[in-house]
Amino acid sequence: MKRIALLALCLGAGAPVAAQDLTITNAHIVVGNGTVVQRGSIVVRGGRIVSVAEGAPASTSGRVIDANGLSAMPGFIDAHRHINTGPEEKAQMQRQLEAGYTTILSGGGPGDGNLTLREHIESGAINGPRIIPSERLRLAGQTPESAREAVRQMKAAGINYTGEISLTPVPGPSAQELEVLRAVLDEGKKVGVNVQVHAVSSPAMNAAVEMGIPLLVHLPNKDWVSKADAEKLAAAGTRILMTIGFGAPVFGVFAEDNNPRFRDGKPWPDSIVDGVGGGVEAGYAMVNARTIFDAGGIIGYCTDTTYDALAGLEHELKSMNVVFSIEDMIKIMGPNTAAYLGMEKDLGTIEVGKLADIILLDGDPHEGYWNWLKTKVTIKEGKVVVDAR
């Protein structure tokens, strides 16, 4: 039997309470790094993967799941979804898990609500994915010093990400915005807060890249990104998120009347935020994604939605499928999004040493994106949190 990887790891100390031992057998494994194991096994100890192998494992660990031919993929990561605590959190977080999400970065606070939601999940009060909190920060009305203080307060609260800091897309950011943002970036570096900027036009994106902003939310959707600007972004190492379906009409999510709607449920294209007219934003987002990807830019995945988790996943996958291959989509959804979070050593692929965030799908992911919508089992750090077989 050919071994793909086997490593004995001592992971008991300091492992999260939720972390468990687990063995998955008879699985079609899409590793996420270009490797596919046609029928193999995955062994998990202390919430981390210790073996990925063809055929049966040399030895099992903990509970054994016979995948019976289901496909294993890395758990989905949504690097920008608007979430918070509230009366519907239990049902909403369960739906995220059922769709295959195991990690979510909050799109923009409020930070205290993000922290509460995370605590509810980590304490076991509700079932849910891993939550990474963020806090709102608006440039308008701020001085450089007040913005610095806001960043320090975030860190003191235990929040390591700003929410999406908006730069004026058209005609572009003002000198005052850039002055305050420069202070935010500098203070973030000092205290350890990751700065995320909402730069959805080429002028805004270029200004952020030239300043050294590390994380951009989202792709420009107000104009075309030139090849030169895409290469500049890639050379700077700036990481950028999609929401590639921005501007593309949504059907059947908010109503069954066959009328196109925008992502907020209002009529399309009239209600597109900061719209440039006629729904052309959909074309900009898709083509710009491909331009940046081809230039070597690290594009990650997100939904930027508040509506149903599975519907949001389907909308993004359909839109991605227009300009990306399945292999591209696997890279974007897994390694690239993990890299956006700075968690590429823990997430994004099914490899030895990584957290055992795994989903089992009813179908081959390489056959088409529609099989990515068929999660049967969701595993977070070795713990089975959804089993719909």
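This is a predicted model: local features need pLDDT of at least 70, side-chain atom pairs count only at pLDDT 80 or more; totals for chains, interfaces and linings use all residues.
Let's start with the whole chain. The C-alpha atoms fill a box of roughly 60 × 45 × 45 Å along the principal axes. Is that a compact chain or a stretched one? With 389 residues, a compact globule would have a radius of gyration near 21 Å, and the chain has 21 Å, so the two agree.

What about the inside? Buried residues make up 54% of the 389 in the chain. Look at the contacts too: of those with a separation of 6 or more, 70% are between residues 24 or more positions apart.

The accessible surface of the chain is about 15300 Å², and carbon and sulfur atoms account for 51% of that. As for charge, you'll find 36 positive and 44 negative side chains, with the centres of the two sets 5 Å apart.

Finally, zoom in on helix α1, which covers residues 89-99. Which of its residues are buried? They are Glu-89, Met-93, Gln-96, Leu-97 and Ala-99. Buried here means under 20% relative accessible area. These residues sit on the same side of α1, because they cover an arc of only 165° around the axis.

Notes. Residues are numbered from 1 along each chain as its sequence is written. Side-chain values use heavy atoms; hydrogens and water are left out. The radius of gyration is taken over C-alpha atoms; the globule rule is 2.2 Å times the number of residues to the power 0.38. Buried means under 20% relative accessible area, exposed over 50%, partly exposed in between (1.4 Å probe, protein chains only). Contact means heavy atoms within 4.5 Å. Accessible areas come from the Shrake-Rupley method with a 1.4 Å probe; for residues, only the protein chains shown count as cover. Lys and Arg count as positive and Asp and Glu as negative; His and the chain ends are not counted. The place of a charge is taken as NZ of Lys, CZ of Arg, CG of Asp or CD of Glu. Helices (H or I, at least four residues) and strands (E, at least two) are DSSP runs, numbered from the N terminus. The arc is that of the directions from the helix axis to the C-beta atoms.
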